[in-house]
Amino acid sequence: MTLTELRYISAVAKERHFGRAANACFVSQPTLSVAVRKLEDELGLKLFERRSGKIMITPEGEPIIDQARRVLDEAEKIKRLAKQNLDPLDGPLRLGAIYTIGPYLFPRIVPAVKKLAPNMPLMLEENFTARLKERLKDGHLDAIIIALPFGGPGVETRALYDEQFKVIVPEEHAWHARDSVRSRELDGQPLLLLGDGHCFRDQVVEACPECIRGENEDGSASTVEGSSLETIRQMVASGLGISVLPDSSLMDERMNGGLKTLAFDGKGPSRTVAVAWRKGFPRTAAIDVLAEAIRSCKH
């Protein structure tokens, strides 16, 4: 049994005609027919029924054809892997990012990467930090964009840029005429934060412990949880409370209707965004291009 024979039976199954299958494989019809018959003899079963020029796959042949297609696909993957090792910028790069980075960074880096490495399309995924770490380690992702600190055995990281946090309030808020706010002033304000599992929530709480004090003076909860930054943005615009968002999520002014953005006084809270990949990952040049593309987007 050879890959060539599997390619022949796959072509016959697709074309349902020996002549057309032979043309698709660039061989003569007798050559293809002899190879198919040889494989049938080796397997001890008929793969096709030949009825007056009409080719039918036998019930016994169906799973054989399906497996042949999978084997051919895996063989092509081996070729692609070998090609990528020869040229690390040739072939898709599987890239993940946390939910509070991906939606704002991906639209900017895709054209930048395409310009630097036109043969390296990006396969993109958003997820929680813990899940991205798992998918990186098990080989489902090649690189991930996360916030530091991050690490662990078998993982390399490279800092990319620092990002400030900003306060957003409704336009009619008492702070609407101000340009900045002190972190301690958030104490007692109805604050909207992401739910548990989002590392950005943890970063905000660590940087501004004043943000969560349990209850407001009227007995209401001091924090409300949102499922995404965009949901939080809209709830703030509706007047439900205030929030803290990363600067990159506020760069598109079209999305900030009904909002006022305030900086933190002094050295406000921030995060360091980094790229992480497995130690020994052979396409380090691809990581270099990715880092260069991201940095070019931040200037």
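Throughout this passage, buried means under 20% relative accessible area, exposed means over 50%, and partly exposed covers what lies in between, with a 1.4 Å probe and protein chains only. The structure is a predicted model, in which local features need pLDDT of at least 70 and side-chain atom pairs count only at pLDDT 80 or more, while totals for chains, interfaces and linings use all residues. Residues are numbered from 1 along each chain as its sequence is written, and side-chain values use heavy atoms, with hydrogens and water left out.

Along its principal axes, the C-alpha trace spans about 85 × 40 × 35 Å.

Of the 299 residues in the chain, 44% are buried. The accessible surface comes to about 15600 Å², and carbon and sulfur atoms account for 52% of this area; accessible areas come from the Shrake-Rupley method with a 1.4 Å probe, and for residues only the protein chains shown count as cover. Contact is defined as heavy atoms within 4.5 Å. Among contacts between residues at least 6 apart in sequence, 72% join residues at least 24 apart. As for charge, the chain has 41 positive and 42 negative side chains, and the centres of the two sets lie 8 Å apart. Lys and Arg count as positive and Asp and Glu as negative, with His and the chain ends not counted; each charge is placed at NZ of Lys, CZ of Arg, CG of Asp or CD of Glu.

The interior comes next. A nonpolar core is a set of buried Ala, Val, Leu, Ile, Met, Phe, Trp, Tyr and Cys residues joined through side-chain atoms within 4.5 Å. The largest such core has 39 residues, and those with the most contacts inside it are Leu95, Ile109, Ile144, Ile145, Ile146, Leu290 and Ile294. Two or more residues are given to this core by each of β3 (93–98), α5 (102–116), α6 (129–137), β5 (143–147), β6 (155–170), β12 (270–278) and α9 (284–297). The most comes from α9, with 8 residues. Leaving aside neighbours within four places in sequence, Ile294 is in contact with Leu105, Ile109, Ile145, Leu160 and Tyr161. Apart from this core lies another, of 25 residues, with Trp175, Val181, Leu229 and Val236 among them.

Some backbone details also deserve a look. The peptide bond from Leu148 to Pro149 is cis, with omega near 5°, and Pro149 sits in the loop between β5 and β6. Arg16, with phi of about 55°, lies in the loop between α1 (3–15) and α2 (18–25) and is partly exposed, at a relative accessible area of 36%. Phe26, with phi of about 60°, belongs to the loop between α2 and α3 (29–43) and counts as exposed, at 78% relative accessibility.

Beyond its neighbours within four places in sequence, Tyr8 is in contact with Cys25, Val27, Thr31, Leu32, Ala35 and Val36. Tyr8 and Lys46 are 38 residues apart in sequence and 14 Å apart in space, C-alpha to C-alpha.

Gln164, found in β6, is partly exposed, with a relative accessible area of 39%. The C-alpha atoms of Ser270 and Asp247, 23 residues apart along the chain, are separated by 9.1 Å.

How values were computed. Helices (H or I, at least four residues) and strands (E, at least two) are DSSP runs, numbered from the N terminus.
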